[in-house]
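Colleague: I'd like to learn how to read the inside of a protein model. Could we go through one together?

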Amino acid sequence: MSKQFSRRDFLKSSTAIAAAAVGGHLLPSIALAQSDLPFEVAAEAVNPLGLEAGTAVEGVFFEGGFGRTYIDNAADIFRALHPDNEMTVEGIQQVSEILRPRFIGGNPPDVIDNSGAFQIPMDSLVADDQLADLAPLMEAPALDAPGKTFGETLFPSSQADGVFDGRQLYLNIAYTVSGVWHSESLFGEKGWTYPQTWDGMLALCETIKSDGIAPWTYQGKFPQYMVFGCLMHLVHKVGGIETIKNIDNLVDDIWKSDEVLQAVSMMHQLAANGYILPGTEGLTHTESQAEWLQGNAAFIPCGTWLENEMRELTPEGFDMVIKPVPGPDESSYASVVAWPGEPYIVPVNAANVVGGMEFMRCMLSKANAQFFAKEISAIMPVFGGSEGVELSSALTSALQVAEAANGGFNYLSRGWYSDLWTAVKNATGELLTNRISPEQFAETVQAAADEVKADSDIPKYTHA
């Protein structure tokens, strides 16, 4: 895995890194006209940010589980709205490796999807003042929601984690529900019922194992999937939102508390009882997900991008669905980790800051949100984004889970303290391969939290 750069060394290093977008795909500008738009645009919404005609706009985007068709669709909307401006979009995977040299050189793209396993740590970008304040965009008229500002078309609180000291520095373009996935058809065939307690989960795992199927797999080389897809659910179910806030707020010894240690021990039971598919540790995210789709494991943790990411490999009639992680008792069953994600940024030193913001106005339009729901089977945090769209079993189950959880909860410090959450990820990988105990996990992660808390160079934030 590519090194994650800490805030203090993000712009200090001058190491040369190839900036060529290996495997990227560049889509050139195509001249369109406003008549190509699938909606009417009010006069005040055509160019409220004052994009200068004839200027070029460059977008570089992480091309992962959501693919790139929704990005191309937003680019088509942009080109139809601004036919005199050149708009290029490029898809990459190694975001930090490719774009870090451009930030160092002072010539970053105008708009970026800073996502994926190799994203640039957002806390580094914020602390080094690399991101433009998106207030003008939030206050601008929405593209296809007459009478509303752009900000008013977005789900309440969906952009809260992108606010730093009162400034909106990034926008999340996807709303993700995470949890445990299984095949509804497999469960129907076997007569299995998804459990609502952790004891029920362990009992079902024993039944599944005796049937010759591994109960669980996970994205072995990227154990953070088990953090957001299992562990943090259990922390909330055991300790409630106050424990989540205490983790975010770096409360002393929180990782060694009874609540967190109980949650870690519950997750560790999957490894201790042999309920994880052998060889999982060496699998990438897509490889483990393929094993699951082939019926070699019954459960896998993931977010709602899973359906689209694995669409070409999903057997007909698989009927994937997402469920909450079961807790200590049925009363805590409904809670889930859910978050706005896929953060888009406009670098403050970009050549065309206004152009970057204008592309984001097209990206988060109602029309593109509906395209996202239909073609990607995923949710944008845009009002009306799923209107008139026929939903798959996966997306239907995700919406049901989110509704039952009243939108779910999120832990915010993973966007604030990247070094801490790298330690959590690594310790989770060690725990799930039985190389460390739950107590050693707690000691290791608490040491990382203490180091972050003691570092005066790292800005601190509060989960109120």
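Colleague: Which residues touch the most other members in the largest nonpolar core?

Modeller: First, the general idea: in soluble globular proteins, nonpolar side chains tend to be buried together. A nonpolar core here is a set of buried Ala, Val, Leu, Ile, Met, Phe, Trp, Tyr and Cys residues joined through side-chain atoms within 4.5 Å, and buried means under 20% relative accessible area with a 1.4 Å probe, protein chains only. In this structure the largest such core holds 149 residues, and Trp255, Phe359 and Leu420 touch the most other members. Helix H7, residues 224–248, gives the most to this core, with 11 residues; helices are DSSP runs of H or I, at least four residues, numbered from the N terminus.

Colleague: What kind of model is this?

Modeller: This is a predicted model, where local features need pLDDT of at least 70, side-chain atom pairs count only at pLDDT 80 or more, and totals for chains, interfaces and linings use all residues. Residues are numbered from 1 along each chain as its sequence is written, and side-chain values use heavy atoms, with hydrogens and water left out.

Colleague: What does Leu420 touch?

Modeller: Contact means heavy atoms within 4.5 Å. Leaving aside residues up to four places away in sequence, Leu420 touches Leu250, Trp255, Val445, Ala448, Ala449 and Val452.

Colleague: How much of the chain is buried?

Modeller: Of its 464 residues, 57% count as buried. Also, among contacts with a separation of 6 or more, 79% come from residues 24 or more positions apart.

Colleague: And what are the spans of the C-alpha trace?

Modeller: About 65 × 50 × 40 Å along the principal axes.

Notes
Buried < 20%, exposed > 50% of the residue type's maximum accessible area, 1.4 Å probe, protein only. Helix = DSSP H or I, 4+ residues; strand = E, 2+ residues; numbered from the N terminus.
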